[in-house]
Amino acid sequence: METPGNKYLQYTISQLISLYKAGDKQAFDEITRRNTGLLRTWMCEWEIKHRQQEEIVQEILIKVSQQLLTNYNENNAFYGWLKRVSKNHTINYLRSTGKLTFVDIDLQNCKELVHDSSTEIIERKKLCEEALNVLETMKEADKNIIKDHFFEKMTYRELAEKYGCKLSAAVKRVERAILRLRKKMKELGFISD
């Protein structure tokens, strides 16, 4: 018996989405197979435990299966869309369980936010200032990969090329650097569990 992974290996993600919209449920199984690991990787950014990760990933996949049939615009870049769906669902999940108790460190916008003077964002601004200060005290390797990924907006593939490693190693390096940054931020009392 041929598994979905074998039959659908030749298809791009766009082709799989088209097949799924046309009623081919196994095409979605292949979309799931290709992206479950990526969703788990994104969960690491939120420091979510394995059991919760599995629950959230399953909920995200259900949401993705529904939205692909109803709201997905094929002109969108799939992985950007998937990350937005994942991030929004994770934030909602953490808020609903009371586990989102700290202001999220938005590293991509920290540099711009530090220069903003609106009163509504003072707390976030302070957190970003502290994150940037703590970042400067980190090991060069961690500091550089965080800056390249979040400030220079380098993709994981570009990071892999720059640092001479596999794509999966680049993802892991960013994850570990973020975890170390969060750990330092917690130790210094800037964020809580």
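Author: Along the sequence the pattern runs α-α-α-α-α-α-α-α-α-α, amounting to ten helices and zero strands, where helices (H or I, at least four residues) and strands (E, at least two) are DSSP runs numbered from the N terminus. This is a predicted model, in which local features need pLDDT of at least 70 and side-chain atom pairs count only at pLDDT 80 or more, while totals for chains, interfaces and linings use all residues. Residues are numbered from 1 along each chain as its sequence is written, and side-chain values use heavy atoms, with hydrogens and water left out.

The region I would examine is the pairing of helix α2 (residues 13–21) with helix α3 (residues 25–44), whose axes come within 7 Å and cross at roughly 145 degrees; axes are lines fitted to C-alpha atoms, for helices over the stretch in contact, and angles run from 0 to 180 degrees between N-to-C directions. On the α2 side, Ile13, Leu16, Ile17, Leu19 and Tyr20 meet α3 residues that include Phe28, Ile31, Arg34 and Asn35, contact meaning heavy atoms within 4.5 Å. By class, this contact has eight nonpolar, one polar and three charged residues; Ala, Val, Leu, Ile, Met, Phe, Trp, Tyr, Cys and Pro count as nonpolar, Asp, Glu, Lys and Arg as charged, and the others, Gly among them, as polar.

Within α2, Ile13, Leu16, Ile17 and Tyr20 are buried, that is, under 20% relative accessible area, with exposed over 50% and partly exposed in between (1.4 Å probe, protein chains only). Seen down the axis of α2, these buried residues fall within an arc of 100 degrees, so they line one face of the helix; the arc is that of the directions from the helix axis to the C-beta atoms. Just after α2, Gly23 takes a positive phi of about 110 degrees.

Leaving aside residues up to four places away in sequence, Phe78 touches Ile13, Ile17, Ile31, Asn35, Leu68 and Tyr72, and although Phe78 and Ser14 are 64 residues apart in sequence, their C-alpha atoms are 7.9 Å apart.
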